[in-house]
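Dear colleague,

I am passing on the structure we spoke about, and you will find the sequence and the coordinates just below. After them I have set out what was found, with a question to begin.

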Amino acid sequence: MDSALIPKGVKRCPIWQFALGLGIVGAVLLWGVYAMLLCWFKGLNQTNMNDYYGFALWIWADLAVIALGGGAFFTGLLRYVIGKDELKNIINYAVLIGFICYSSALLILAIDIGQPLRGWFIFWHANVHSMLTEVAFCLSCYFGVLTIEYLPLVLENRQLDKVPFVHNLTHTMHEHMAIFAATGAFLSFFHQGSLGGVAGVLFGRPFAYREHLFIWPWTFFLFTWSAAAFGPCFTLLVTRITERIAGKKLVKDNVVQLLAKISGWMMFTYIIAKILDTAYWAFTTAPSLGFTLKDFYGTNGFYNYGWLVAEIIVGGLIPALMLITPKIRANRGMLTLATVLAVIGVCLNRWVMVLQVMAAPVMTFDEWALYVPSWQEVATTILPVAYGVILIMISYRYLPIFPQEAELNPITPEDAEGVQASGDSEPVLATAQA
Amino acid sequence: MKIEGEQGKSKKYGMVIDLDKCTGCGACMVACMAENNVPFKQDESDKRLSITWMRVYQLTNGKAFPDADICYLPRPCQHCEGMHEGHSPCVSVCPATATDYDAQTGIVSQIYTRCFGCRYCMAACPYHARHFNWWDPVWPEGMEKYLNPDVSVRMRGIVEKCGFCFSRYQKAMEKAHYEGRRELEELEYQTACTQACPAGAIVFGDLNNPQHRVHQLAQPDPRRRGRPGNPKAFRLLEELQTYPKVYYLSSREWVHKAGHKAELIKEAGAHH
Amino acid sequence: MFPFNFEWIWDMSHMVFMGGLWYALSILGLGITFCIVKAAMDTAKGKGGTHHH
């Protein structure tokens with residue numbers, strides 16, 4: 001039925017299967033949209049946030065998806081600016097994942113602010129000294145870059161490409177993509193960094209506060225670095241999940257191995273910097289503000305030392321070592337395990353830098369505050385995941401996302417007729433579970 | 001930075017709260033809510049959802065009878081001056097310039113119509129002096145007639161906090177200007193909590209003015225970013241370099257220890 | 001955001017921050033405009049059409 005839209009030389013599942021998948025994920029999406037509308041029309045009393053938890057699940061989700069979406073800017077930088085040509089075989093998917101992550105982040109922010117209709121004040125009445133202003137500007141601009149990077153991919157759809165102007169536009173944009181990618185890397189450096197700065201500048205919150213280098217706290221650099229390191233891991237993980245669901249290889253091993261190796265070394269260097277930062281903070285910065293590690297990890301049941309171990313060792317050092325060891329990296333299962341650990345690690349880091357900052361008491365007569373998100377918060381956090389799955393499903397079906405797919409999966413003449421065999425399912429369920 | 005001109009000499013309005021006098025009666029909280037049209041809900045049992053510009057904390061020394069001791073600590077906004085003037089924890093982070101440090105009065109203001117509710121300021125404030133309007137205010141039938149006409153009510157989705165009864169300052173300045181004056185008398189501008197305190201525990205005035213009682217009680221040293229000269233006085237969490245303009249008095253050592261860590265206070269230079 | 005906003009000050013912070021912003025926006029704006037114009041000119045010259053990209 002839709003075979004005219006499907007890229008040449010590749011096989012896709014029957015339309016009913018595709019529609020069924022869309023329907024299932026769409027239902028989840030609608031649930032999220034319902035919760036979103038509740039938050040917009042009834043206000044943030046729909047959440048379990050309170051005056052101790054001004055920042056909560058949403059801000060964590062925001063920071064996490066932006067870190068995971070960092071694969072787009074870093075892969076773009078490697079491909080277009082540094083010239084790692086092999087990465088052209090995964091850059092499309094990295095861009096798509098980045099586009100999903102960033103649009104999700106903007107959506108979450110639009111739900112999170114108390115007066116969404118005044119959201120433009122952050123631009124119009126900008127306080128240039130606020131880290132959040134820098135986040136808003138660079139985030140929006142970089143979303144523009146991602147749109148520019150995603151657009152040629154959309155235009156490469158078989159039918160759209162037949163229009164001469166569209167074909168020429170795609171061609172010209174591809175030719176000049178390095179300019180956009182470089183601008184994207186510049187913007188990413190600052191917004192990833194300023195997201196780290198959001199917590200790092202809070203001198204009233206010793207758990208978050210870090211010493212500064214010029215006007216930037218160390219978390220600024222750590223966040224940029226970690227996004228560049230862990231982002232590609234997420235790209236690889238989602239690629240792997242997509243391959244499993246599609247039941248075929250989509251990207252050649254040398255491409256995956258190259259990105260995994262670079263990501264591993266970035267993670268390894270990052271984790272050294274993170275350990276140094278943690279040590280300096282634990283033994284110098286925090287004590288100068290009247291706090292010891294015990295105050296942060298030893299006085300309540302929930303936030304204990306396990307968090308430090310989980311984030312830095314299990315979710316940082318171990319996957320980094322796994323990825324820089326060629327033998328382990330070459331093993332598909334171990335590679336996937338390393339990317340899973342890395343994704344968990346960076347999400348934990350973002351969690352700690354948002355939620356534990358809010359939880360830790362500062363005044364001596366104050367106490368730890370814990371919170372459990374309401375279903376509306378959970379639903380609106382899952383909403384972007386469902387949206388992402390749908391966008392991946394549609395893009396995978398109709399756009400030439402994986403340049404190596406046709407070569408890796410040669411199809412028989414009968415398949416080429418556009419009549420698809422069943423048993424080759426779309427990236428539906430497992431991605432939703434991810 | 002000294003500003004002189006239309007509004008007269010620059011002021012540094014501040015508060016001195018004598019914790020040894022405070023009985024914890026809560027009159028300051030009530031007066032504050034009435035003065036500033038602070039909304040309330042039917043169920044205020046969850047204090048993390050209550051809007052309390054002025055909140056009285058109960059502190060204990062943790063000892064058993066007969067050494068047990070308690071202290072009530074009223075906590076308004078501390079109107080932090082920050083490491084350099086205006087670098088308050090909240091003012092420095094607000095992305096939309098919706099909270100501002102007024103160099104003429106030293107008051108940290110909140111511009112309700114400009115705040116879009118990102119709550120970054122709440123995350124930045126270690127005193128929990130900032131509150132979010134999770135709901136639209138609903139006044140019990142007839143009560144809207146008792147609202148203070150000088151103070152705007154707030155809508156849901158924005159942050160609010162103590163502004164040292166700024167509308168009273170504006171009113172007093174208007175009167176002074178009308179009478180051809182540029183300076184206010186000490187008692188012309190007083191906050192609602194100060195006037196309501198039956199124990200006289202709260203004193204309010206200009207910390208820069210040696211004639212004012214707050215100055216005499218706290219004896220702030222301008223060369224040391226307002227460090228109190230009075231050994232009985234301290235500022236909450238002064239070691240964080242927030243440099244608040246609310247001083248607390250107590251002769252009890254454990255109360256001092258509960259309020260700040262004196263040994264960590266960095267001596268700010270006289271570069272100001 | 002603009003010099004006519006009343007909170008705008010011509011200080012280093014504003015010039016660096018907003019300078020960076022407008023610089024990035026200009027590159028993106030000019031870049032995309034260039035691509036569209038060039039594509040339109042190429043189309044007018046009869047390029048594109050049938051050959052596969």
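Which residues point one way from β1(B), which point the other way, and are they buried or exposed? Before I answer, please keep in mind that this is a predicted model. On one side of β1(B) are Y13(B), M15(B) and I17(B), while G14(B), V16(B) and D18(B) point the other way, and all are buried. In a regular strand the side chains alternate between the two faces of the sheet. The strand, which covers residues 13–18 of chain B, is mostly covered, with six of its six residues buried.

The peptide bond from F65(B) to P66(B) is cis, with omega near 10°, and P66(B) is found in the loop between β2 and β3 (70–75) of chain B. H79(B), in the loop between β3 and α2 of chain B, has a phi near 45°, which is a positive value in a residue other than glycine. A positive phi, of about 50°, is also found at F164(B), again not a glycine, and F164(B) sits in the loop between β7 (159–160) and α4 (166–178) of chain B. H79(B) counts as buried because it has 27 C-beta neighbours inside 10 Å, where 20 or more are needed. F164(B) counts as buried because it, too, has 27 C-beta neighbours inside 10 Å.

Turning to chain A, there are 18 helices and two strands. The C-alpha trace of chain A spans about 75 × 50 × 40 Å along its principal axes. Its radius of gyration is 22 Å, which agrees with the value near 22 Å that a compact globule of 434 residues would have. Of these 434 residues, 55% count as buried, and among contacts in chain A between residues at least 6 apart in sequence, 82% join residues at least 24 apart.

Helix α2 (residues 57–68) and helix α14 (residues 332–359) of chain A pack at an angle of about 145°, with their axes 9 Å apart, and the crossing of α2(A) past α14(A) is right-handed. From α2(A) the contact includes W60(A) and L63(A), and from α14(A) it includes R350(A) and W351(A). By class, the residues of this contact divide into twelve nonpolar, no polar and one charged.

Finally, how many residues of chain B are in contact with chain A? There are 40, and they meet 39 residues of chain A. The elements giving two or more residues to this side of chain B are β2 (55–60), α2 (89–93), α3 (120–124) and β6 (131–132) of chain B. Of these, α3(B) gives the most, with four residues. The side of chain B that touches chain A has 26 nonpolar, eight polar and six charged residues.

With best wishes

Conventions:
Residues are numbered from 1 along each chain as its sequence is written. Chains are lettered from A and ligands numbered from 1 in the order in which they are written. This is a predicted model: local features need pLDDT of at least 70, side-chain atom pairs count only at pLDDT 80 or more; totals for chains, interfaces and linings use all residues. Two residues are in contact if their C-beta atoms, placed from the backbone, lie within 7 Å. Ala, Val, Leu, Ile, Met, Phe, Trp, Tyr, Cys and Pro count as nonpolar, Asp, Glu, Lys and Arg as charged, and the others, Gly among them, as polar. A residue is buried if 20 or more other C-beta atoms lie within 10 Å of its own, exposed if 12 or fewer, and partly exposed in between; C-beta atoms are placed from the backbone. The radius of gyration is taken over C-alpha atoms; the globule rule is 2.2 Å times the number of residues to the power 0.38. Axes are lines fitted to C-alpha atoms, for helices over the stretch in contact, and angles run from 0 to 180 degrees between N-to-C directions. A crossing is left-handed if the near helix is turned anticlockwise from the far one by less than a right angle, and right-handed if clockwise.
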